[in-house]
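Welcome! Please take a moment to look over the sequence and the model below before reading on.

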Amino acid sequence: MPFPLYLLGLAVFAQSTSEFMLAGLAPDIARDLGVSVPTAGTLTSAFAVGMIVGAPLTALLGRRRPGRQSLLVFLGVFLAVHVVGALTGDFSVLLATRVLAALANAGFLAVGLTAATAMVAPDAKGRATAVLLGGTTLACVVGVPAGAALGQLLGWRSAFWAVALMSAPALLAVARSVPRGPADTAGPGPDARAELRALRRPRLRSVLCLAALVNGATFCTFTYLAPLVTEVCGLEARWVPAVLALFGAGAFAGVTAAGRLADRGARAVLPAAGAALLAGWAALAVAAGQPAAAVALVPVLGLLAFGVGSTLVTRVLYEAVDAPSLGGAFATSALNVGAALGPALGGAALDGGLGHRSPVWVSALLMAVAGLVARGSARRRERSA
């Protein structure tokens with residue numbers, strides 16, 4: 001894989017640390033700013049909503065701009081709003097910074113996915129996607145637990161400062177090493193309306209829907225994993241970073257495996273992996289009161305959730321081959337529809353008094369819906385064959 005791909009992965013690492021670190025910081029933010037834990041959880045949903053809107057919008061606005069220039073603008077804005085977030089004492093301002101950070105992150109990831117797949121052979125999209133999304137899973141392994149530990153030691157604001165500091169070398173690395181790329185030199189690509197017409201295809205819509213549901217299930221539990229660990233498992237707060245790191249280690253293994261499988265044999269693997277993920281969320285909900293069993297399940301669920309999610313992202317890029325500028329935006333939006341839906345549904349279950357296990361049951365329900373969508377899509381393919 002080309003070296004600039006790994007530099008893009010470094011930037012994604014910084015951005016994903018910001019997106020995911022609230023799973024370990026939400027209780028502290030809630031106490032400091034005088035809001036409930038579910039209200040603090042809306043920071044994750046707000047970030048996801050910003051990415052849903054931002055991915056296609058920034059991709060459309062940046063179609064005629066050099067890819068490297070767009071990447072630098074997005075990363076610079078991302079750094080600046082984290083400084084504001086670290087300084088504010090107003091929850092509404094913090095919420096606004098999350099939306100702006102998400103818009104910048106969405107633009108970076110959408111352009112970055114397109115740039116990454118343009119750097120490799122047409123049949124290597126899965127491996128290129130795995131390198132880029134490896135920054136996301138490394139954020140789960142290292143960034144999120146470190147952010148949670150830093151937040152416990154120095155307060156949640158220190159984690160925001162850390163993200164800003166990590167973004168600075170990523171900004172320099174992208175400026176110096178990422179090539180302008182084919183999209184910047186080969187002249188205009190397909191018309192934007194022609195690219196948007198790709199969304200009319202039933203197969204692409206099905207894959208996008210599955211990506212949203214799977215990511216929704218992942219974020220529904222992940223956002224409220226800290227209170228699950230402390231309130232249901234009965235572990236002390238100091239264990240939260242370790243449990244988050246276990247989830248991240250599984251996620252990294254899942255994305256790595258998906259990078260090898262997504263370019264071949266994905267259709268054979270996805271149904272079984274999806275069924276296993278449904279069973280895994282249900283098992284965690286049942287076993288959450290047993291610390292040993294729950295902790296053992298966490299890395300397995302990280303592996304399955306990110307392995308299936310990463311494979312679906314790659315399938316989106318293959319299905320959207322006639323939308324070279326917006327393919328990455330389609331995938332980014334789908335993932336973040338799920339990332340907004342999951343925490344919102346989990347927060348609603350908590351607010352409804354259903355207990356700290358309820359987000360995990362919601363994750364299982366979302367995977368059951370994904371299974372029905374996949375089955376319906378398979379039947380349509382059989383009828384059209």
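Here is a short tour of the cavities, then the core.

This is a predicted model, in which local features need pLDDT of at least 70, side-chain atom pairs count only at pLDDT 80 or more, and totals for chains, interfaces and linings use all residues. Residues are numbered from 1 along each chain as its sequence is written, and side-chain values use heavy atoms, with hydrogens and water left out.

Two cavities of 30 Å³ or more turn up in a search of the whole structure. A cavity is a set of points on a 1 Å grid over the protein atoms alone where a 1.4 Å probe fits but cannot get out, and lining residues have an atom within 4 Å of a point. Volume is the space filled by probe spheres set on the points, which are joined across faces, edges and corners.

| Cavity | Volume |
|---|---|
| Largest | about 300 Å³ |

Of the 23 residues lining the largest cavity, Phe20, Leu133, Thr136, Phe306 and Leu335 are the closest to its centre. The lining of the second largest cavity includes Leu225, Cys233 and Val298.

Now for the core. A nonpolar core is a set of buried Ala, Val, Leu, Ile, Met, Phe, Trp, Tyr and Cys residues joined through side-chain atoms within 4.5 Å, where buried means under 20% relative accessible area (1.4 Å probe, protein chains only). The largest nonpolar core has 101 residues, of which Ile29, Phe108, Leu277 and Trp281 touch the most other members. Isoleucine 29 is in contact (heavy atoms within 4.5 Å) with residues including Leu22, Leu94 and Trp156, leaving aside neighbours within four places in sequence.

Definitions and conventions. Buried < 20%, exposed > 50% of the residue type's maximum accessible area, 1.4 Å probe, protein only. 1 Å grid on protein atoms, 1.4 Å probe; cavity = no way out; pocket = protein on both sides within 12 Å on 5 of 7 lines; lining within 4 Å.
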